[in-house]
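This note is intended for a colleague who is meeting the structure for the first time. Please read the numbered points alongside the sequence and the coordinates.

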Amino acid sequence: MTETEDIKILYTRLLDAWDQMDARAYSDCFVEEGEMIGFDGSFARGKETIFVHLDGIFQHHQPLKYLSVVKEVTLLNETTALLRAITTMIRKDQSLNTDANAHQVLVAVKINNEWKIQLFQNTPAQFHGRPELVEEMTQELLQAFKKNTDPH
């Protein structure tokens, strides 16, 4: 398996943990002092803080599932990589929630021969005043959704 594939697997594990509402599995994807910046701008530093933050969300809210397309994985050096993806959420009726379109960036580091997340950022892709860009992103995600039964 290549390093690029390993990074994609890490990203998929993160999204699967969200979809399964498993705050522990989600936080375990991070290094001890990893950082997460959520869609709403919330910030959490440290595996345990990330766990507590998400556990609270999952106890009071059933979030929608992710649909994502990995755009690129760049190895910055032997122990650092950058993954960039686009994403949205899938409603229970299987339609896409385009209000949740986002760019996701994951910075991974390799420690003891294992890739972990140093930083994960989920930024809304609202493209104010440019509806054609919202439509372009939505169409790319919709094509991925039609191609796969597995949304990631």
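Which residues does Lys116 touch, not counting residues up to four places away in sequence?

1. The model is a predicted one. In it, Lys116 touches Leu10, Asp28, Cys29, Phe30, Val31, Val107, Ala108 and Val109, with residues up to four places away in sequence left out of the list.

2. Lys116 belongs to strand S6. Its relative accessible area is 15%, and because buried means under 20%, Lys116 counts as buried. The side chain of Lys116 reaches the backbone oxygen of Asp28 at a distance of 2.6 Å, and Asp28 is also among the residues that Lys116 touches.

3. Strand S4 deserves attention next. Nine of its 11 residues are buried, so S4 is largely enclosed by the rest of the structure. S4 pairs with strand S3 (residues 65-77) in the antiparallel sense, over 11 bridges. One of the pairs joins Glu72 to Arg84, the latter being in S4. A hairpin is formed by S3 and S4, with two residues between them.

4. S4 also pairs with S5, again in the antiparallel sense, here over 10 bridges. Ile90 has Leu96, in S5, as its bridge partner. The hairpin of S4 and S5 has five residues between the strands, and in this hairpin Gln94 takes a positive phi near 70°.

5. The largest pocket has a volume of about 410 Å³. Its lining comprises 24 residues, and those nearest the centre are Trp18, Phe39, Tyr66, Met89 and Asn122. Two or more lining residues come from each of strand S1 (30-37), helix H3 (47-60), strand S4 (80-90), strand S5 (96-111) and strand S6 (114-124). Of the elements, S5 gives the most, with four residues. By class, the lining of the largest pocket holds 14 nonpolar residues, nine polar and one charged.

6. For the second largest pocket, the volume is about 160 Å³. Asp19, Met21, Gln62, Pro63, Leu64, Lys65, Ile90, Arg91, Lys92 and Gln94 line this pocket. They divide into four nonpolar, two polar and four charged residues.

Technical notes: Residues are numbered from 1 along each chain as its sequence is written. This is a predicted model: local features need pLDDT of at least 70, side-chain atom pairs count only at pLDDT 80 or more; totals for chains, interfaces and linings use all residues. Side-chain values use heavy atoms; hydrogens and water are left out. On a 1 Å grid over the protein atoms alone, a cavity is a set of points where a 1.4 Å probe fits but cannot get out, and a pocket is an open set with protein on both sides within 12 Å along at least five of seven lines; lining residues have an atom within 4 Å of a point. Grid points are joined across faces, edges and corners, and a volume is the space filled by probe spheres set on the points. Ala, Val, Leu, Ile, Met, Phe, Trp, Tyr, Cys and Pro count as nonpolar, Asp, Glu, Lys and Arg as charged, and the others, Gly among them, as polar. Buried means under 20% relative accessible area, exposed over 50%, partly exposed in between (1.4 Å probe, protein chains only). A polar contact is a pair of N or O atoms within 3.5 Å; within protein, one must be able to donate a hydrogen and the other to accept it, and residues adjacent in sequence count only if both atoms are side-chain atoms. Contact means heavy atoms within 4.5 Å. Two strands pair if DSSP finds at least two bridges between them.
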